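Subject: Structure handover

Dear colleague,

Here is the structure I said I would pass on. My notes on it follow below.

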Amino acid sequence: MDPSIEAWRAYCQAMADAGELVLAEGAPDHANARAEGIRALSRFFVFGLENCLERADPQRPEFVDVQTTIRKYMGDNPDQTYFSSVISGDRSYRINATMAGAVAVEIGVYAGSFASGGGRRLVDAVEDTTLLVDPDGSYELLLTPDPEPDNPNQLRLEADASSVLIRTYFTDLAVRLAHPRPTIEAIPSAGPAPMLTPDQLRQGLEISVLIATGSFGWWVQQRKKVPSDVPVNTFPPLPDEGDLLTPENVRYLSGDWELAPHEALVLDFDPSGGADYWAWVLLSHWGETVDWRNRTAVINGDTAVRRDDGTVRLVVAHQDPGMPNWLDTAGHPQGSLSLRWFRSDAPLPVADARVIPFDQLPTVD
């Protein structure tokens with residue numbers, strides 16, 4: 001059999017087998033939610049193909065838009081763009097990007113990969129607090145094995161460097177949607193790519209399957225119902241033992257929510273301690289926000305309506321409660337909810353959450 005056809009058949013079979021993940025223990029027993037799960041899985045496969053086959057050459061790198069309006073990879077935040085590119089530690093790269101209209105930007109170089117089984121580690125990183133940015137918001141960054149001392153616009157590469165990720169924060173969705181894709185070029189340039197070989201095709205398809213099924217499977221496993229000291233509909237601090245690979249000054253409140261059709265979740269918290277950026281993000285069981293182009297999936301420090309004492313009350317519900325700060329479930333019966341608390345020396349706020357009948361919302365204290 002032709003090796004390319006054989007690789008394709010194996011890939012198609014892997015896609016078929018992966019569908020069983022939506023039936024994992026703890027998954028919603030809900031036909032529409034399972035349909036959303038299959039769509040979420042398909043998005044993982046599309047991401048895997050783009051990341052591992054279409055834009056997988058570290059000699060000719062291109063940024064992949066990791067999280068878009070229809071690609072919601074591993075718990076998206078509508079307020080952030082995530083652009084990732086493969087790289088190699090044996091050459092240098094030049095990045096040109098912008099943070100115009102943004103609250104903050106973070107750029108990190110990583111080594112290893114989840115697909116390799118060894119995990120990832122952060123090699124070097126820089127934030128806008130030290131990055132030299134032009135008045136119009138543009139900046140240039142060099143990735144190199146031999147950075148100049150004390151140059152904030154250079155990041156160090158190690159021999160096993162494998163990717164670079166740019167996280168940019170916004171509070172205005174229109175500005176976030178208009179944010180352009182950054183560019184990256186290898187130094188020296190490798191020229192046009194040769195024709196794809198059957199072995200490259202096979203390898204790209206195999207790695208994309210590992211990315212798709214491993215990432216989706218990991219997320220589903222985290223949602224599996226197991227005995228826990230954290231009850232559903234409560235949102236304590238999220239432990240970070242380094243496996244999240246987030247910047248040092250990002251902390252989280254996080255928990256699972258579950259609501260019957262006639263129920264609503266009311267959550268009160270006080271953000272007056274202050275953070276450069278904070279936002280509550282609502283996810284489905286599959287780790288996806290609802291379609292935030294026409295529903296509210298995130299409420300941040302600029303969009304939240306505060307009460308007279310400065311506190312904020314959120315309402316998670318299946319229908320419009322006629323109250324400020326509604327997070328729309330879009331009919332999903334369960335999922336997760338988290339607060340991102342970014343750049344603050346203040347303690348994490350405490351979330352006071354309770355479930356009440358929907359028809360009692362107008363009288364809630």
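Two strands are said to pair if DSSP finds at least two bridges between them. By that rule strand S4 (residues 104-113) pairs with S8 in the antiparallel sense, over eight bridges. Please keep in mind that this is a predicted model.

Strand S8

Gln 80 has Tyr 169 of S8 opposite. S8 itself covers residues 161-169, and because eight of its nine residues are buried, it is largely enclosed by the rest of the structure.

Helix H4 and its two partners

Helix H1 (residues 3-18) packs against helix H4 (residues 198-223) at an angle of about 5 degrees, and their axes are 9 Å apart. Angles under 35 degrees count as roughly parallel, so H1 is described as roughly parallel to H4. On the H1 side the contact is made by Pro 3, Ser 4, Ala 7, Trp 8, Tyr 11, Ala 14 and Ala 18. H4 contributes Pro 198, Leu 201, Arg 202, Leu 205, Ser 208, Val 209 and Thr 213. By class, the residues of this contact are 10 nonpolar, three polar and one charged.

Helix H2 (residues 31-54) meets H4 at another angle: the axes come within 8 Å and cross at roughly 140 degrees. That makes H2 oblique to H4. The crossing of H2 past H4 is right-handed. From H2, the residues in contact include Phe 44, Phe 45, Phe 47, Leu 49 and Cys 52. Among those they meet in H4 are Gln 200, Gly 204, Ile 207, Ile 211 and Phe 216. The contact of H2 with H4 has 15 nonpolar and seven polar residues, with no charged ones. Leu 201, Leu 205, Ser 208, Val 209 and Thr 213 of H4 are listed in the contact with H1 and also in the contact with H2.

The four-stranded sheet

There is an open sheet of four strands in the order S15-S14-S11-S17, and its pairing is mixed. Its edge strands are S15 (326-328) and S17 (352-357), each of which pairs on one side only. On average, neighbouring strands of this sheet are turned by 25 degrees against each other, with direction ignored. Strand S11 (residues 263-269) pairs with S17 in the antiparallel sense over six bridges. Within that pairing, Glu 263 stands opposite Pro 357 of S17.

Two single residues

Leu 173 is in helix H3 (residues 173-178). Its relative accessibility is 27%, so Leu 173 counts as partly exposed. Leu 173 and Pro 78 are 95 residues apart in sequence, yet their C-alpha atoms are 7.2 Å apart in space. Setting aside neighbours within four places in sequence, Leu 173 is in contact with Pro 78, Asp 79 and Trp 292.

Ser 338 lies in strand S16 (residues 334-342). Buried means under 20% relative accessible area, and Ser 338 counts as buried because its value is 11%. Residues up to four places away in sequence not counted, Ser 338 touches Leu 253, Ser 254, Ala 279, Trp 280 and Val 281.

Regards

Technical notes. Residues are numbered from 1 along each chain as its sequence is written. This is a predicted model: local features need pLDDT of at least 70, side-chain atom pairs count only at pLDDT 80 or more; totals for chains, interfaces and linings use all residues. Side-chain values use heavy atoms; hydrogens and water are left out. Axes are lines fitted to C-alpha atoms, for helices over the stretch in contact, and angles run from 0 to 180 degrees between N-to-C directions. Helices (H or I, at least four residues) and strands (E, at least two) are DSSP runs, numbered from the N terminus. Angles under 35 degrees count as roughly parallel, over 145 as roughly antiparallel, 65 to 115 as roughly perpendicular and the rest as oblique. Contact means heavy atoms within 4.5 Å. Ala, Val, Leu, Ile, Met, Phe, Trp, Tyr, Cys and Pro count as nonpolar, Asp, Glu, Lys and Arg as charged, and the others, Gly among them, as polar. Buried means under 20% relative accessible area, exposed over 50%, partly exposed in between (1.4 Å probe, protein chains only). A crossing is left-handed if the near helix is turned anticlockwise from the far one by less than a right angle, and right-handed if clockwise.
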